Amino acid sequence: MKLGSQGLEVSAQGLGCMGMSSFYGPPKPDEVMIKLIHHAIDSGVTFLDTSDIYGPHTNEVLLGEALKGGVREKVELATKFGMSFADGKREVCGDPAYVQASCEASLKRLDIDCIDLYYQHRIDIRVPIEITMGELKKLVEEGKIKYIGLSEASPATIRRAHAVHPITAIQLEWSLWSRDVEEEIVPTCRELGIGIVAYSPLGRGFFSSGPKMAENLATDDFRKFLPRFQPENLEHNKTMFERVNEMAAKKGCTPGQLALAWVHHQGNDVCPIPGTTKVENFNQNIGALSVKLTPEDMAELESIASANAVKGDRYGSPISTWMNSDTPPLSSGKAE
């Protein structure tokens with residue numbers, strides 16, 4: 001598929017690599033993850049998504065190892081900058097020197113000469129977006145990156161950034177239970193010809209594993225602390241899963257495949273990037289590309305994913321303050 005209007009082409013579905021190294025429990029063995037990455041590429045999923053914050057740094061190193069031996073030429077590689085660990089604290093940063101240093105460090109860890117798609121992971125509201133974009137534009141001119149993206153940016157920020165240099169893709173959370181982007185952000189992207197990369201299209205595993213997954217999360221899995229997985233909200237959210245599960249049974253697919261197919265059916269400018277650490281789950285995910293949804297199916301899913309279908313914000317305090325730096329508190333459900 002074409003992602004954005006600047007010439008980037010990627011596989012219709014990508015692979016989110018975060019959970020291989022961090023945030024979703026302990027890091028997985030490198031050799032096992034490299035086999036999974038190679039299996040994904042051999043299967044036609046060549047759009048790989050990482051970030052310098054995953055690990056931190058270790059996920060980029062993992063991908064660098066996986067792309068050796070002529071594999072690099074087969075993939076479209078996306079990484080991100082913009083969140084740093086300073087004095088033991090996470091900080092959102094977008095000043096020019098940091099942009100340049102982050103890019104150089106990512107190139108070194110990935111062991112490549114050029115990054116296909118380089119995102120600002122979160123927006124630094126202390127630095128005008130025009131300043132950050134000016135530095136990213138320089139990186140394009142220097143041949144260190146090919147295309148520019150933003151993650152979790154508001155419509156106003158997207159417009160201002162796009163005026164400095166064309167944005168190729170906006171990364172955002174979009175799934176049956178995360179739909180606030182549909183009101184303003186998605187229409188802004190479409191107006192400007194910007195591609196949409198949907199992360200957590202399976203609701204952080206909720207639609208593929210079901211509510212019981214919350215009972216089995218590792219102590220260092222950050223999903224344990226997300227509001228939607230807390231007992232007081234999970235009991236309500238279970239109903240949503242059960243309805244998706246019933247519909248999937250009628251369609252002859254898994255609930256995860258149905259939820260992922262719904263994201264695919266949002267438009268040919270949307271590329272979901274589900275993550276996994278297991279080959280069997282990866283194979284299930286690419287099966288979603290074969291699930292055809294009729295207008296009646298989409299209408300039924302719309303009724304399942306109504307505004308009051310999910311309880312709990314996407315992020316909880318204190319992580320909401322740095323994970324969602326460019327928009328008002330997540331409880332509002334709206335971007336700027």
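Two strands are said to pair if DSSP finds at least two bridges between them. Helices (H or I, at least four residues) and strands (E, at least two) are DSSP runs numbered from the N terminus. The structure is a predicted model, in which local features need pLDDT of at least 70 and side-chain atom pairs count only at pLDDT 80 or more, while totals for chains, interfaces and linings use all residues. Residues are numbered from 1 along each chain as its sequence is written, and side-chain values use heavy atoms, with hydrogens and water left out.

Strands of a sheet pair through backbone hydrogen bonds, either parallel or antiparallel. In this model, eight strands form an open sheet in the order E3-E4-E5-E8-E9-E10-E11-E12, and the pairing is parallel. The edges are taken by strand E3 (14–16) and E12; each has a single partner strand, so one side of each lacks a neighbour in the sheet. From one strand to the next, the twist averages 25 degrees; angles run from 0 to 180 degrees between N-to-C directions, and axes are lines fitted to C-alpha atoms, for helices over the stretch in contact.

Gly14 is located opposite Phe47 in E4. E4 in turn runs parallel to E5, to which three bridges join it, and here Phe47 stands opposite Glu76. Between E4 and E5 the chain passes through helix H2 (residues 58–66), in a β-α-β crossover that is right-handed. Right-handed denotes that, with the strands pointing away from the viewer, the path from the first strand over the helix to the second runs clockwise.

E5 is mostly covered, with six of its six residues buried; buried means under 20% relative accessible area, exposed over 50%, and partly exposed in between (1.4 Å probe, protein chains only). Glu76, Ala78 and Lys80 point one way from the strand, Leu77, Thr79 and Phe81 point the other way, and all are buried. E5 also pairs with E8 in the parallel sense, over four bridges, and Ala78 is placed opposite Leu117 in E8. Helix H3 (residues 96–110) lies across strand E5 (76–81), strand E8 (115–120) and strand E9 (145–151), at about 140 degrees to E8.

Leu172 has Ala198 as its bridge partner in E11. The chain goes from E10 to E11 by way of helix H6 (residues 185–192), and this β-α-β crossover is likewise right-handed. H6 lies across E10, E11 and E12 and runs at about 145 degrees to E11. Strand E11 (residues 195–199) is mostly covered, as five of its five residues are buried. Both of its faces are covered, with Gly195, Val197 and Tyr199 on one side and Ile196 and Ala198 on the other. E11 is joined by three bridges to strand E12 (residues 270–272), the two running parallel, and the bridge partner of Ala198 in E12 is Pro272.

His162 belongs to helix H5 (residues 155–164). With a relative accessibility of 18%, His162 counts as buried. Its side chain reaches the backbone nitrogen of Ile167 at 2.9 Å. Leaving aside residues up to four places away in sequence, His162 touches Ile167, Leu192 and Ile194, where contact means heavy atoms within 4.5 Å.

Technical notes. A polar contact is a pair of N or O atoms within 3.5 Å; within protein, one must be able to donate a hydrogen and the other to accept it, and residues adjacent in sequence count only if both atoms are side-chain atoms.
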